[in-house]
Amino acid sequence: MGTKQALWAAYWPAPAKLNLMLRIVGRRADGYHLLQTVFQFVELADKIRFHPDASGRVSLKHPLPGVAEADDLTVRAANLLKAATGCSEGVCIEVEKKLPMGGGLGGGSSDAATVLVALNVLWGLHLSTEKLMELGLSLGADVPIFAFGQAAWAEGVGEKIQAITVSEQWVVIIKPDCHVNTKEIFCAEGLTRDSKSIRISDFTAGQQQNDCLDVVCQRYPSVKDALVDLSEFSDAKLTGTGACVFAQFDSETNAISAYQSLKAKWQVYLTKSVNESPLFSMMKSGDFIS
Ligand SMILES: C[C@@](CO)(OP(=O)(O)O)[C@H](O)COP(=O)(O)OP(=O)(O)OC[C@H]1O[C@@H](n2ccc(N)nc2=O)[C@H](O)[C@@H]1O
Ligand SMILES: Nc1ncnc2c1ncn2[C@@H]1O[C@H](COP(=O)(O)OP(=O)(O)O)[C@@H](O)[C@H]1O
């Protein structure tokens, strides 16, 4: 890893995730749904920089519109780390937001995980990945996968995680102009909640449905429109509870051509899927971007 100075000057990536499939296989006593899902990362990422604060306070350089500073997942993650370790350090967190909020790409959860992983290094806390994942789970169901950092098969509410290798491809993502409320989808009457549990080999053999798809398309017509438009180019899927939809391409030329055609009508992103989170790739390579 780089020198202390290089680490404090670095921009730490907080990548988006895709759910390559999502099955709802049951429900816990507290109402939370039991899932089977496959997570993979993409190179598209928020970027986070940390500035030491001798006062011991945790603050944000640029609060996000519509999110109170104390509710921001990055601030909550840093305060959680302090409470769990008794660390008296302070930090000002600077987030360069690239990921659309509330789009099913997990940006807030990823920001929180990057704060946990980065401050563990910057503050010299030496917490294990398992401990960071456990702390992350108390912030949100999607935080542990980002602290784990490898594409994974996940069960439970997303906390029982097993690394898998899936093919890395070019990806085109459309963010429809709507905000899907995750809670509303999980509360919907028509939601499939009794899918049969499958094995990883079933997923590999092609069982890759997203059980939220029908309910999301009924309630959010622009998600359905985006799926129809993207399907012209490749198999299109919903990530998580949406609103984003994505398609994978093994040819860069085909991905660029889809991106070019769609961008007149949609907010669209061209990126690559990766099995190792760019956060972990950066830490392993020691190639810190400042
Ligand atoms: C569905 C997934 C798949 O990756 O992603 P998103 O598309 O939302 O990002 C996640 O499990 C989302 O996890 P997370 O982002 O932490 O969910 P939250 O916003 O906390 O959930 C909002 C509400 O949805 C319901 N909920 C959420 C997750 C779950 N497994 N069962 C549920 O019933 C609960 O009522 C919860 O209060
Ligand atoms: N640092 C953060 N970045 C994004 N959203 C945040 C953050 N902190 C709190 N939030 C809240 O979390 C919600 C979900 O954000 P996000 O993780 O981007 O979406 P999703 O879970 O659909 O992928 C946002 O609408 C916002 O209110």
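**First stop: ligand 2**

The shell of residues around ligand 2 divides into six nonpolar, eight polar and three charged residues. Here Ala, Val, Leu, Ile, Met, Phe, Trp, Tyr, Cys and Pro count as nonpolar, Asp, Glu, Lys and Arg as charged, and the others, Gly among them, as polar. The structure is a predicted model, in which local features need pLDDT of at least 70 and side-chain atom pairs count only at pLDDT 80 or more, while totals for chains, interfaces and linings use all residues. Residues are numbered from 1 along each chain as its sequence is written, chains are lettered from A, and ligands are numbered from 1 in the order in which they are written.

Select ligand 2 and display its surroundings. The ligand is surrounded by 17 residues, and the closest are Leu-73, Gly-102, Gly-107, Gly-108 and Asp-111. A residue belongs to such a shell if its C-beta atom, placed from the backbone, lies within 6 Å of the molecule. Which helix supplies the largest share of this shell? It is α3, with four residues. Both α2 (73-85) and α3 (107-122) supply at least two residues each. Helices (H or I, at least four residues) and strands (E, at least two) are DSSP runs, numbered from the N terminus.

Next, select Gly-107, which is found in helix α3. Gly-107 is buried, because 26 other C-beta atoms lie within 10 Å. A residue is called buried if 20 or more other C-beta atoms lie within 10 Å of its own, exposed if 12 or fewer, and partly exposed in between, with C-beta atoms placed from the backbone. Not counting residues up to four places away in sequence, Gly-107 touches Ala-16, Asp-46, Leu-99 and Met-101. Two residues touch, or are in contact, if their C-beta atoms, placed from the backbone, lie within 7 Å.

Gly-108 is also placed in helix α3. Gly-108 is buried, with 24 other C-beta atoms within 10 Å. With residues up to four places away in sequence left out, it touches Leu-73 and Met-101. Gly-107 and Gly-108 are among the residues that an unreviewed UniProt entry marks as "binding site". UniProt positions are given in the numbering used here, feature names are shortened, and annotations may be inferred rather than shown by experiment.

Select Lys-17 and Asp-142, which the unreviewed UniProt entry annotates as "active site". Although they span 126 residues in sequence, no two of their C-alpha atoms are more than 9.2 Å apart, so they gather at one spot.

Lys-17 lies in strand β1 (residues 12-27). Lys-17 counts as buried because it has 26 C-beta neighbours inside 10 Å. Asp-142 sits in the loop between α4 (129-137) and α5 (143-148). With 28 C-beta neighbours inside 10 Å, Asp-142 likewise counts as buried. What does Asp-142 touch, not counting residues up to four places away in sequence? Its contacts are Lys-17, Gly-106, Ser-109 and Gly-158.

Now select ligand 1. Of the 18 residues around ligand 1, His-33, Gly-104, Gly-140, Ala-141 and Gly-240 come nearest. This shell has five nonpolar, eleven polar and two charged residues. Strand β2 and helix α6 (182-187) each contribute at least two residues to the shell.

**Fifth stop: the nonpolar core**

A nonpolar core is a set of buried Ala, Val, Leu, Ile, Met, Phe, Trp, Tyr and Cys residues joined through C-beta atoms within 7 Å. The largest such core has 79 residues, and Ala-78, Val-115, Leu-116, Ala-147, Val-172 and Val-245 touch the most other members. Strand β2 (residues 33-53) provides the largest share of this core, nine residues. Select Val-172: among the residues that it touches beyond four places in sequence are Ala-255, Ala-258, Tyr-259 and Leu-262.

Ala-255, Ala-258, Tyr-259 and Leu-262 are the buried residues of α10. They cover an arc (that of the directions from the helix axis to the C-beta atoms) of only 100° around the axis, which puts them on the same side of α10. An α-helix has 3.6 residues a turn, so residues three or four places apart point the same way. The cover over the buried residues of α10 includes β7 (170-175), α9 (221-231), β9 (245-249) and β10. On the face turned away from the buried side, look for the exposed residues Thr-253 and Gln-260.

Finally, select Lys-263, in the loop between α10 (252-262) and β10 (267-274). Lys-263 is partly exposed, with 14 other C-beta atoms within 10 Å. From C-alpha to C-alpha, Lys-263 and Ile-174 are 8.9 Å apart in space, while 89 residues apart in sequence.
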